[in-house]
Amino acid sequence: MTEYDEMVGAIAEVVRSLGKAEVPAGLVITDETRLADDLKLDSLAVMDFVMALENRFDLVIPMDELTEVVSVGDLARLLLGHLKTQSAG
Amino acid sequence: MFGKFASLHEAYGRVRQAGADPFGVAFDEVVSPTTARIGGRDILLLGTNNYLGLTFAPEAIAAASDALHRYGTGTTGSRIANGTYAGHAELERRVARFLGRRDAMVFTTGHQANLGILATLAGREDHLLLDADSHASIYDGARLGSASVTRFRHNDPGDLARRLRVLADKPGDRLIVVEGLYSMLGDVAPLREIAAIKRETGAYLLVDEAHSLGVLGERGRGLIEAAGVHDDVDFVVGTFSKSLGSIGGFCASDHAGFDLLRLAARSYMFTASLPPSVVASVMTGFDLIDQRPQLRAQLSANAARLHAALAASGFRLGPSVSPIVSVRLRDPALAVTFWNRLLSAGIYVNLALPPATPEGESLLRSSVSAAHSFAELDRAAAIITAIGQELGIAGPQAAAAESYVSAAD
């Protein structure tokens with residue numbers, strides 16, 4: 001399993017544990033799952049859920065970087081990017 | 001063009017179906033700080049942020065009226081062009097003196113104060129750290145500027161400290177932004193802990209006292225006074241539209257160079273200044289806060305009375321006893337029904353629905369005024385309780401009934 005797959009799995013777990021998303025029965029959350037269209041997360045819910053991920057991975061993600069995030073995969077790449085920069089710094 | 005609002009349109013339609021439009025209530029007449037009239041009926045105002053009840057203070061009306069006659073209806077210009085009168089400069093000195101700060105800038109609204117200050121102070125390499133439950137104007141100001149913006153968990157100094165630690169190696173300044181009293185649930189910021197983190201990390205601290213000015217602190221200076229952290233706070237933002245009963249915003253600071261923001265903050269530079277009548281009523285409002293500490297004592301007693309009555313009825317309320325008393329509900333449809341029943345019974349409160357609310361809850365938000373009598377508050381609490389019981393929200397079975405309603409929804 002690559003770190004990208006692991007990150008997608010971690011995001012899926014946080015989505016389900018927060019209970020804010022409407023995850024349709026039987027839906028498998030993949031990197032193509034869209035936060036707004038598929039999980040019905042509004043902009044504020046996305047911010048709350050990213051906050052949970054920031055705490056879990058000890059990161060700080062600037063809010064403006066979230067505007068480009070549409071899918072779980074986008075978010076996984078963003079988080080991985082920050083993890084790398086942070087450990088390099 | 002309007003297609004993107006389809007879901008908002010649908011949600012708004014659902015809210016209006018239940019009766020009156022909670023976001024479009026028009027008072028035919030407002031006869032006192034606590035009473036309005038709609039369709040010939042008296043309505044008890046319990047959601048106006050008129051904390052000290054100063055909107056009808058005879059002294060403020062006389063001063064405003066005199067200024068209106070002497071200086072006209074408006075300034076027709078911005079502060080940096082033709083819109084600065086002696087009164088604006090005098091008001092700025094008054095705000096600075098009131099708060100014990102070196103300088104103050106007056107804006108045309110509180111919203112514009114946050115827009116101008118946050119967007120201008122924090123530049124490209126800087127970091128803004130906002131409490132997650134911050135007012136929309138704080139988010140707007142942050143988004144308008146070029147600083148990197150992060151939100152920390154509401155009232156969680158630990159999360160704030162964690163974020164500052166992660167950012168420690170990055171260049172630029174850090175500005176922490178919190179509110180004195182949060183408008184939805186009426187909870188206060190843990191300002192001493194936040195000030196300690198600010199000191200340890202070398203960050204700057206801005207406190208928005210919109211709901212706490214004139215309300216908290218021994219002399220009504222706000223949460224900064226109540227928490228005893230004057231020297232740790234770099235910028236104080238606030239509004240004249242709540243306890244001062246008028247309109248306008250300000251930012252005050254001790255920092256040398258603060259005055260330069262007058263030539264950099266766009267929401268200060270490119271909008272018309274406050275009308276002289278407003279400036280005069282605000283000046284009088286500051287005098288009244290100083291002259292009548294009994295208003296704050298009455299407000300505090302009133303807040304405690306409504307909070308105790310609704311808590312005794314079994315409603316879930318905010319964590320602190322403050323003039324903002326919010327009944328927390330999980331089901332938005334139930335909240336809309338409740339709100340309509342209250343208006344029909346002659347009680348006006350605010351309805352706040354997600355996503356504008358913390359934790360996605362629906363709120364029936366009351367704000368208590370020093371001008372309310374105990375009789376008015378007792379009557380309001382009795383009506384809220386009676387309707388709450390009919391809807392299965394108040395009383396010993398409240399929590400179970402509400403979760404049942406939510407689950408069934």
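Where in chain A does A:Leu59 lie? A:Leu59 sits in the loop between α2 and α3 of chain A. Before we look around it, please keep in mind that this is a predicted model.

**A leucine in a loop**

Is A:Leu59 buried or exposed? A:Leu59 counts as buried because 20 other C-beta atoms lie within 10 Å, and 20 or more is the cut-off for that label. Setting aside neighbours within four places in sequence, A:Leu59 is in contact with A:Glu54, A:Leu79, A:His82, A:Leu83, A:Gln86 and B:Val166. Take A:Leu83 from that list: 24 residues separate A:Leu59 and A:Leu83 in sequence, yet their C-alpha atoms are 7.1 Å apart in space. Notice too that B:Val166 belongs to chain B, and it is a contact of A:Leu59.

**Where the two chains touch**

That brings us to the two chains together. Chain A has 14 residues in contact with 13 residues of chain B. On the chain A side, helix α2 (residues 43–57) gives the most, with four residues. Sorted by class, the chain A side has seven nonpolar, three polar and four charged residues.

How confident is the predictor about chain A? The mean pLDDT of chain A is 87, and 94% of its residues reach 70 or more. Among the elements of chain A, α2(A) has the lowest mean pLDDT (88), while helix α3 (residues 72–88) has the highest (90).

**Two domains in chain B**

Now for chain B. Its domain assignment gives domain 1 (3–55 + 293–408) and domain 2 (57–291). The centres of these two domains, taken over C-alpha atoms, are separated by 27 Å. Across the boundary, 21 residues of domain 1 are in contact with 21 residues of domain 2. On the domain 1 side, α11 (293–312), β11 (324–329) and β14 (362–367) of chain B each supply at least two residues, and β11(B) provides the largest share, three residues. By class, this side of domain 1 has eleven nonpolar, eight polar and two charged residues.

A UniProt annotation from an unreviewed entry, "domain: Aminotransferase class I/classII large", covers residues 42–384 of chain B. The end C-alpha atoms of that span lie 17 Å apart, and the span is 41% helix and 17% strand.

**The nonpolar cores**

Which residues touch the most other members of the largest nonpolar core? Of its 121 residues, they are B:Leu118, B:Leu128, B:Ile176, B:Val177 and B:Cys251. Helix α10 (residues 276–291) of chain B contributes the largest share of this core, seven residues. Domain 1 and domain 2 of chain B each give at least three residues to the core. Another core, of 20 residues, lies apart from it and includes A:Val15, A:Leu41, A:Leu53 and A:Val69. As background, nonpolar side chains tend to be buried together in soluble globular proteins.

Beyond its neighbours within four places in sequence, B:Val177 has contacts including B:Leu118, B:Leu128, B:Ile138 and B:Leu206.

Technical notes:
Residues numbered from 1 in each chain as written. Chains lettered and ligands numbered in written order. Predicted model: local features only at pLDDT ≥ 70, side-chain atom pairs only at ≥ 80, totals over all residues. Core = buried A, V, L, I, M, F, W, Y, C linked by C-beta atoms within 7 Å. Buried ≥ 20, exposed ≤ 12 C-beta atoms within 10 Å, placed from the backbone. Domains from an automatic or database assignment. Contact = placed C-beta atoms within 7 Å. Nonpolar A, V, L, I, M, F, W, Y, C, P; charged D, E, K, R; others polar. pLDDT = per-residue confidence, 0-100. UniProt positions renumbered as here; feature names shortened; annotations may be inferred.
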